[in-house]
Amino acid sequence: MKTMLWEDNQLLLIDQTKLPDEIVYFTCKTYQDVIKAIKTMVVRGAPAIGVSAAFGMVLADLAGEDLEKAASEIKNSRPTAVNLFWAVDRILASPSPRDEALKMYQEDIKTNQMIGKHGSPVIDDGDTILTHCNAGALACVDYGTALGVIRAAFAQGKKINVICDETRPLGQGARLSVWEMQQENIPVKLIVDSAAGYLMQQGKIDKVLIGADRVFKGGVANKIGSLMVALSAKRYGVPFYVAAPLSTFDYDKTIGEIEIEERGPEEVLLYGNCRIAPENTEVLNPAFDIVPDDLISGIITEKGILDPI
């Protein structure tokens with residue numbers, strides 16, 4: 001399942017805001033369309049954002065736009081996922097933006113397959129695995145990082161069960177991860193975010209496996225709620241793994257230097273089209289939190305399982 005397609009000098013993105021009810025493609029004809037898609041989470045997940053940003057730069061180049069200006073605007077679309085900056089800078093440094101973006105597209109698929117290969121040994125036959133948010137094919141070009149590891153283990157014949165946190169406020173676990181697992185007939189159950197600790201306390205979770213939007217000195221940034229899952233895992237002795245490509249690694253930043261994106265209040269006040277709080281309620285809506293490295297068992301990459309940096 002490919003999250004994006006490059007056809008006739010246009011970028012087609014699966015509109016993830018419409019899943020799981022319908023598969024609709026959002027067409028990007030300009031780099032501004034790509035920015036809109038990233039900001040509104042039509043496309044999300046660090047690897048997918050990165051490759052989308054690369055094609056946004058291609059669209060800018062084809063239109064004769066100022067690439068430095070386009071790069072600055074694309075980088076400002078979301079601040080936490082380091083792949084976004086990595087991809088834009090890689091295109092700026094290339095003499096052939098389109099060829100470079102297509103190369104990145106193929107690299108992402110191969111990278112995720114290698115993450116699955118290196119990560120599958122941590123999953124034992126009979127394991128129940130908890131995942132948070134969506135780090136599957138929909139967060140990448142294809143295959144996925146955390147869910148890619150699960151896919152690889154399942155393909156090896158291991159009898160596994162997956163539990164997905166719903167992942168408030170936008171329900172990427174409920175809408176996207178559950179859907180992906182169902183598409184491949186991998187046994188899956190959905191829980192509310194606040195049930196994860198209870199299930200670990202009851203001994204019903206064997207491993208936790210999440211993705212990351214940025215890996216840096218001292219920890220990883222991932223979808224809000226990851227920290228609470230990691231703390232519960234530490235308390236109850238459940239191995240907690242992060243699956244992420246090396247393009248997500250930021251060797252220059254430390255915990256105190258990471259900008260955490262604050263998103264609009266409507267994401268919390270509404271669930272779907274239903275208002276769940278009084279209209280004038282003040283909201284805090286950080287999109288990510290930080291899992292310190294002492295809570296992480298290992299980081300699964302395309303080069304193997306690494307210690308936190």
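Serine 232 counts as buried because its relative accessibility is 17%, and buried means under 20%. The model in which this residue sits is predicted.

**Serine 232**

- Serine 232 belongs to helix 9, which covers residues 226–235.
- Once neighbours within four places in sequence are left aside, serine 232 is in contact with Gly197 and Met200.

- An open sheet is built from 3 strands in the order 1-2-3, with antiparallel pairing.
- Strand 1 (4–7) and strand 3 (25–28) are the edge strands, and each of them pairs on one side only.
- On average, neighbouring strands of this sheet are turned by 25° against each other, with direction ignored.
- Strand 2, made of residues 10–14, pairs with strand 3 over 4 bridges in the antiparallel sense.
- Within strand 3, threonine 27 is the residue that stands opposite leucine 12.
- Helix 2 (residues 46–62) packs on the sheet and touches strand 1, strand 2 and strand 3.
- The direction of helix 2 makes about 20° with that of strand 1.

- Strand 10 (residues 240–243) pairs with strand 15 in the parallel sense, over 3 bridges.
- Alanine 243 has isoleucine 300 of strand 15 standing opposite.
- Strand 16 (residues 304–306) pairs with strand 15 in the antiparallel sense, also over 3 bridges.
- Glycine 304 in strand 16 is the bridge partner of threonine 301.
- The link from strand 15 to strand 16 is a hairpin that runs through 2 residues.

**Methionine 114**

- Methionine 114 lies in helix 5, which covers residues 97–119.
- Methionine 114 has 33% relative accessibility and therefore counts as partly exposed, since that class lies between under 20% for buried and over 50% for exposed.
- Apart from residues up to four places away in sequence, methionine 114 touches Thr301 and Glu302.
- Methionine 114 and glycine 304 are 190 residues apart in sequence, yet their C-alpha atoms are 8.3 Å apart in space.

**Helix 4 against helix 5**

- Helix 4 (residues 82–92) and helix 5 have axes that come within 9 Å and cross at roughly 140°.
- Helix 4 is therefore oblique to helix 5, because an angle has to be over 145 degrees to count as roughly antiparallel.
- The crossing of these two helices, helix 4 and helix 5, is right-handed.
- On the side of helix 4, the contact is made by Trp86, Ala87, Arg90 and Ile91.
- On the side of helix 5, the contributing residues are Pro97, Glu100, Ala101, Lys103, Met104 and Glu107.
- Sorted by type, the residues of the contact between helix 4 and helix 5 are 6 nonpolar and 4 charged, with no polar ones.

Notes: Residues are numbered from 1 along each chain as its sequence is written. This is a predicted model: local features need pLDDT of at least 70, side-chain atom pairs count only at pLDDT 80 or more; totals for chains, interfaces and linings use all residues. Side-chain values use heavy atoms; hydrogens and water are left out. Two strands pair if DSSP finds at least two bridges between them. Axes are lines fitted to C-alpha atoms, for helices over the stretch in contact, and angles run from 0 to 180 degrees between N-to-C directions. Contact means heavy atoms within 4.5 Å. Buried means under 20% relative accessible area, exposed over 50%, partly exposed in between (1.4 Å probe, protein chains only). Angles under 35 degrees count as roughly parallel, over 145 as roughly antiparallel, 65 to 115 as roughly perpendicular and the rest as oblique. A crossing is left-handed if the near helix is turned anticlockwise from the far one by less than a right angle, and right-handed if clockwise. Ala, Val, Leu, Ile, Met, Phe, Trp, Tyr, Cys and Pro count as nonpolar, Asp, Glu, Lys and Arg as charged, and the others, Gly among them, as polar.
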